[in-house]
Amino acid sequence: MNSNEKRAPMERCLFIHGFTGGEYEISPLAQFLEQHQYPARTFTLKGHGGSRHDLLQSDRQGWRQSAEDQLQEMLNDGDRVHLIGFSTGALIASHLSVQYREQIKSLTLLSTPVFPLNLLEILKTLGSPVMIRNYLSKFGSTPAKATREFQRLVRESFEIYPQIETPTLIVQGGRDHLVRAKSAAYLHRTIPSASKRVLMVERSGHMLCHCEDSSLIMDEVLQFIQSSGRASINKLQGYSAK
């Protein structure tokens, strides 16, 4: 193809990771979709992946803007984009799906913190002293300002869910120690899209792309993207949305 030729539009996936997390959270799914001819783009949210100071200097507007910048690059190339957000990334993806509703082909929400657990509840759900120490360390190293920005984004998203018209897949772990399981049922009830699916995964915790049922989850995401969202409710291991 010479420099004057414009490449044909393609269907691509934009992944958005979670608060204080990184691309590793969603990399298995990104690689899986790449293998099935859906080029994937991952990136690091502003303020993430660096020092505590970097996170302290960022805010929710900056997180959203860094994701929007990535999306606009893809849309400028004429690509048809599937948005896939994990945890806080699902909140950001929800906002973008409304802002760019005519250009987003599908929306996949993984472990969406509609109703996040607080620190005490999290400690009650952790199964080992090692996990407890890891989470105490993480919470201790996260600036209070950043946590407040996350909480504001959670609250602001309640105004967004009733505006989502994009075909939507909602995936939630039954053993998620960071997000209440009722979050998925709320999303299914509130999102008005005519094409939506709920997948509850009984044996999974928060990290859906790394759980023992991850291959089944990835297959479901692929089928959803391929169909662009036929309306249904599915379940894994007998756990279903109410």
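The mean pLDDT of the protein is 85, and 81% of the residues reach at least 70. Among the elements, helix H4 (residues 88–99) has the highest mean pLDDT, 98. Strand S7 (residues 232–236) has the lowest, 49. Over residues 229–233 the pLDDT stays under 50. The model has 13 contacts beyond four places in sequence for this stretch. The pLDDT is also below 50 over residues 237–242, a stretch with 13 contacts beyond near neighbours in sequence. Where pLDDT is low, predicted coordinates should not be read in detail.

Side chains of opposite charge can pair when their charged atoms come close. Eleven salt bridges were counted. One of them joins Glu156 to Arg60, with the closest N and O atoms 2.8 Å apart. Glu156 belongs to helix H7 (residues 144–157) and Arg60 to helix H3 (residues 60–76), so the pair ties together parts 96 residues apart in sequence. Glu156 is partly exposed, at 26% relative accessible area. Arg60 is buried, at 12%. Both residues belong to a salt-bridge network that also links Arg64, Glu149 and Arg152.

A salt bridge also forms between Glu220 and Arg197, whose closest N and O atoms are 3.0 Å apart. Glu220 lies in helix H9 (residues 214–227) and Arg197 in strand S6 (residues 196–201); the pair therefore ties together parts 23 residues apart in sequence. Glu220 is buried, at 11% relative accessibility. Arg197 is buried too, at 4%.

Glu212 pairs with Arg203 in a salt bridge, the closest N and O atoms being 3.5 Å apart. Here Glu212 is exposed, with a relative accessible area of 56%. Arg203 is partly exposed, at 32%.

Methods
Residues numbered from 1 in each chain as written. Predicted model: local features only at pLDDT ≥ 70, side-chain atom pairs only at ≥ 80, totals over all residues. Heavy atoms only, no water. pLDDT = per-residue confidence, 0-100. Helix = DSSP H or I, 4+ residues; strand = E, 2+ residues; numbered from the N terminus. Contact = heavy atoms within 4.5 Å. Salt bridge = Lys/Arg side-chain N within 4 Å of Asp/Glu carboxyl O. Buried < 20%, exposed > 50% of the residue type's maximum accessible area, 1.4 Å probe, protein only.
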